[in-house]
Amino acid sequence: MVNKKEIILESAIKLFTKRGFHKTTLKDIAQDIGISKGTLFYYYPSKEGLLYDIFDMGFETLVSLIKQMSELNQIGISEQRIEYLYNELLTHDYLMKINFNFVHEAIIGNACIKEKLKLQYEKWRSDVKEVIMEMNNDLTEAQLDVKAAIIIAVIDGIFLQYFMDPSKLNIKDISVELSKMLNT
């Protein structure tokens, strides 16, 4: 049986993605899964707590996908690896929608979420650097930092463009160009 916390997280993801963070209440989440607000408060006394767990889950998924990419038997950061990553990420687009909700909260002044977001991006950058290093251990620390920052920025940018108009993106062509940039 799936535990109650997982059910709550699934509902929150669905509702945050559909309605946005501000328009979704804890009461909405409780009603969606048929539990009392008191039961929900036992697990999550605030929406921020839910968002933190969703965000952590999303970053774990993204890092896992990047690590899978490094397990392919190719040298360097190939366009096939990048294309694989983007196609896998597109199957988890709700994670990026949640990420953008989080970014929005940080931009409009939610200091707690901004700090959490900052820490998560630092962790993600570190994890991405580790994967890049496994693929190419001849890079300097500065080169690893730059490549990790580029990969994360491109992932964010591609998803933002994808949500605006997916027909304008050719993931294969983007992967080829990004591979060239990252392997120089």
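Is Lys23 buried or exposed? I looked up Lys23 before anything else. Lys23 is exposed, because its relative accessible area is 66%. The cut-offs I used: buried is under 20% relative accessible area, exposed is over 50%, and partly exposed is in between, with a 1.4 Å probe and protein chains only. Lys23 sits in the loop between helix H1 (4-19) and H2. I also checked how far Lys23 is from Ile82. They are 59 residues apart in sequence, and their C-alpha atoms are 35 Å apart in space.

**Ground rules.** I am working with a predicted model, where local features need pLDDT of at least 70, side-chain atom pairs count only at pLDDT 80 or more, and totals for chains, interfaces and linings use all residues. Residues are numbered from 1 along each chain as its sequence is written, and side-chain values use heavy atoms, with hydrogens and water left out.

**Confidence.** I noted pLDDT next, the predictor's confidence in each residue, from 0 to 100. The protein has a mean pLDDT of 83. I found that 93% of its residues reach 70 or more. Confidence is lowest in helix H4 (residues 47-70), with a mean of 77. It is highest in helix H2 (residues 26-33), at 95.

**Overall build.** I counted elements as DSSP runs numbered from the N terminus: helices are H or I with at least four residues, strands are E with at least two. The protein has nine helices and zero strands. The C-alpha trace spans about 55 × 40 × 35 Å along its principal axes. Of the 184 residues, 41% count as buried.

I then looked at contacts, meaning heavy atoms within 4.5 Å. Among contacts with a separation of 6 or more, 67% join residues 24 or more positions apart.

Accessible areas come from the Shrake-Rupley method with a 1.4 Å probe; for residues, only the protein chains shown count as cover. The protein exposes about 10000 Å². Carbon and sulfur atoms supply 55% of that area. For charge, Lys and Arg count as positive and Asp and Glu as negative, while His and the chain ends are not counted. I found 22 positive and 26 negative side chains. The centres of the two sets lie 7 Å apart, with each charge placed at NZ of Lys, CZ of Arg, CG of Asp or CD of Glu.

Which residues does Ser11 contact, leaving aside neighbours within four places in sequence? I found Ile29, Asp32 and Ile33. Ser11 itself is in helix H1. Ser11 counts as buried because its relative accessibility is 4%. Its C-alpha is 23 Å from that of Lys114, 103 residues away in sequence.

In H2, the buried residues are Leu26, Asp28, Ile29 and Ala30. Gly34 follows H2 and has a positive phi, near 75 degrees. Ser36 is in the loop between H2 and helix H3 (37-43). I logged Ser36 as partly exposed, because its relative accessibility is 40%.

**H6.** How many residues does helix H6 have? It has 15, covering residues 93-107. H6 reaches 21 Å from its first C-alpha to its last, close to the expected 21 Å at 1.5 Å a residue. The expected span is 1.5 Å times one less than the number of residues. Buried residues in H6 include Leu95, Met96, Ile98 and Phe102. Asn99, Asn101 and Glu105 are also among them. Just after H6, Gly109 takes a positive phi of about 115 degrees.

**H8.** My last entry is Gln143, in helix H8 (residues 141-164). Gln143 is partly exposed, because its relative accessible area is 35%. Gln143 and Leu182 are 39 residues apart in sequence and 9.7 Å apart in space, C-alpha to C-alpha.
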